[in-house]
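Please keep the model in view while reading the points below.

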Amino acid sequence: MLPIEKTPPHKQIDQDRLMVMLKAISHPMRFEILQYLVAHPHCYTKEIVDHLPISQATVSQHIKQLREAGWLASEAVCQMTRHWVDQDNIDWFKQTIGNIF
């Protein structure tokens, strides 16, 4: 039996980042939010809330997790928050997944 090679530190960072991103979209509501933002770029929290059968507080929590994982970017506009997919991170994700398979 061959010994298992330890992952080099630079590859471990990429692997950790990938795992965080995958975990974030493993929840059905977060995946739905991501899909909605792909179809409706630069929309406000209220638009997402109106689309989903969950409370505004729950939507905000899911958005926060998606943003922290790198899927989304957001900006405050007056007293509202606008969200969109973070294309640089999406491109990194696609390339990384492509390299695996």
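1. The structure under review is a predicted model, and the remarks below should be read accordingly.

2. Extent of helix H4. Helix H4 covers residues 56-69, a run of 14 residues. From its first C-alpha to its last it reaches 20 Å, which is close to the 20 Å expected at 1.5 Å a residue.

3. The two sides of H4. Val59, His62, Ile63, Leu66 and Ala69 are buried in this helix. Viewed down the axis of H4, the buried residues fall within an arc of 125°, and therefore they line one face of the helix. Ala57 and Glu68, on the other side of H4, are exposed.

4. The residue after H4. Gly70 follows the helix, and its phi is positive, near 100°.

5. Background to the next two points. Most residues other than glycine have a negative phi. Residues that depart from this pattern are taken up next.

6. His42. Although His42 is not a glycine, its phi is positive, at about 55°. The residue is found in the loop between helix H2 (28-39) and strand S1 (43-44). His42 is partly exposed, its relative accessible area being 42%.

7. Cys78. A positive phi, near 55°, also occurs at Cys78, a residue other than glycine. Cys78 is placed in the loop that lies between strand S2 (72-77) and strand S3 (80-85). With a relative accessible area of 78%, Cys78 is exposed, the cut-off for that term being over 50%.

Terms used:
Residues are numbered from 1 along each chain as its sequence is written. This is a predicted model: local features need pLDDT of at least 70, side-chain atom pairs count only at pLDDT 80 or more; totals for chains, interfaces and linings use all residues. Side-chain values use heavy atoms; hydrogens and water are left out. Helices (H or I, at least four residues) and strands (E, at least two) are DSSP runs, numbered from the N terminus. The expected span of a helix is 1.5 Å times one less than its number of residues. Buried means under 20% relative accessible area, exposed over 50%, partly exposed in between (1.4 Å probe, protein chains only). The arc is that of the directions from the helix axis to the C-beta atoms.
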